Amino acid sequence: MFNKNSFNVFKIEGLEPRMTAIKADIQPIFQSLGEQFLSLLTERYPKEDFYLHIAQHIRRTANAPENTWSAISTQKRGYKMEVHFQLGIWENYVFLYLSMIDQPKDKLLYAEKLQGVKLPEDFVVSNDHTKPEFFDASEFSKVLTRFSKVKKAELEFGRIWSTQDFEENTNEKMINEMVDTLTQLLPFYEKLMR
């Protein structure tokens with residue numbers, strides 16, 4: 001499970017050293033949690049095939065990544081073309097989101113289907129997967145409006161956990177919270193995929 005070392009990876013200078021640490025300290029956690037999430041999704045949607053994608057950052061040649069992530073989608077060759085689940089880590093927090101990024105083909109349809117939706121109060125909303133910024137769930141309709149009107153706008157929502165959450169709680173508790181979050185995201189996913 002994520003721990004202090006996971007977050008300290010982003011303090012390591014240089015692309016090669018940071019990538020080495022990401023591969024050693026973070027990607028095995030993505031793999032382990034991803035397999036648990038895949039199991040849950042396959043059980044819930046037995047007629048669908050789901051695939052785990054772990055970011056490799058292979059296009060980077062100079063700057064070390066400020067965050068890293070994994071994604072689960074029904075597409076074997078990628079995930080950005082449709083709504084997907086994303087588990088990721090920045091220097092200060094871990095997130096589990098339902099994500100619509102990089103102008104997915106059904107973007108306007110997604111926006112339409114999410115009109116009037118109310119998120120759980122402890123969820124957060126993000127409008128740009130490249131920035132460590134998020135908003136309270138109460139801002140959802142504002143972010144959704146922007147998502148529907150601005151070509152490059154994005155929409156992600158779910159739950160975050162701070163570095164302190166991982167220090168103060170057992171691995172079992174954190175895993176249970178993540179599984180619970182994924183379960184809470186499923187009705188929104190179903191609404192979008194119908």
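A pocket is an open set of grid points with protein on both sides within 12 Å along at least five of seven lines. In this predicted model, the largest pocket holds about 590 Å³ of space. It is lined by 21 residues, and those closest to its centre are H57, R59, W69, Y79 and K80. The table sorts the lining by residue class.

| Class of lining residue, largest pocket | Number of residues |
|---|---|
| Nonpolar | 8 residues |
| Polar | 7 residues |

The strands come next. An open sheet is built from 7 strands, which pair in an antiparallel manner in the order β1-β2-β3-β4-β7-β5-β6. Strands β1 (51-54) and β6 (135-136) are at the edges; each has a single partner strand, so one side of each has no neighbour in the sheet. Strand β4 (residues 93-100) and strand β7 (residues 155-162) run antiparallel and are joined by 8 bridges. Within this pairing, L98 has F157 in β7 as its bridge partner. Helix α4 (residues 140-149) packs on the sheet, where it touches β4, β5 (124-126), β6 and β7. The direction of helix α4 makes about 135° with that of β7.

Side chains of opposite charge can pair when their charged atoms come close. The structure has 7 salt bridges. One of them links the side chains of E91 and K11, at 3.5 Å from N to O. E91 is in the loop between β3 (84-89) and β4, while K11 is in the loop between α1 (4-8) and α2 (15-44), so this pair ties together parts that lie 80 residues apart in sequence.

Leaving aside residues up to four places away in sequence, D49 touches S73 and T74. D49 and N67 are 18 residues apart in sequence, and their C-alpha atoms are 27 Å apart in space.

Definitions and conventions. Residues numbered from 1 in each chain as written. Predicted model: local features only at pLDDT ≥ 70, side-chain atom pairs only at ≥ 80, totals over all residues. Heavy atoms only, no water. Pairing = 2+ DSSP bridges. Helix = DSSP H or I, 4+ residues; strand = E, 2+ residues; numbered from the N terminus. Contact = heavy atoms within 4.5 Å. Axes fitted to C-alpha atoms, helices over the stretch in contact; angles between N-to-C directions. 1 Å grid on protein atoms, 1.4 Å probe; cavity = no way out; pocket = protein on both sides within 12 Å on 5 of 7 lines; lining within 4 Å. Points joined across faces, edges and corners; volume = space filled by probe spheres on them. Nonpolar A, V, L, I, M, F, W, Y, C, P; charged D, E, K, R; others polar. Salt bridge = Lys/Arg side-chain N within 4 Å of Asp/Glu carboxyl O.
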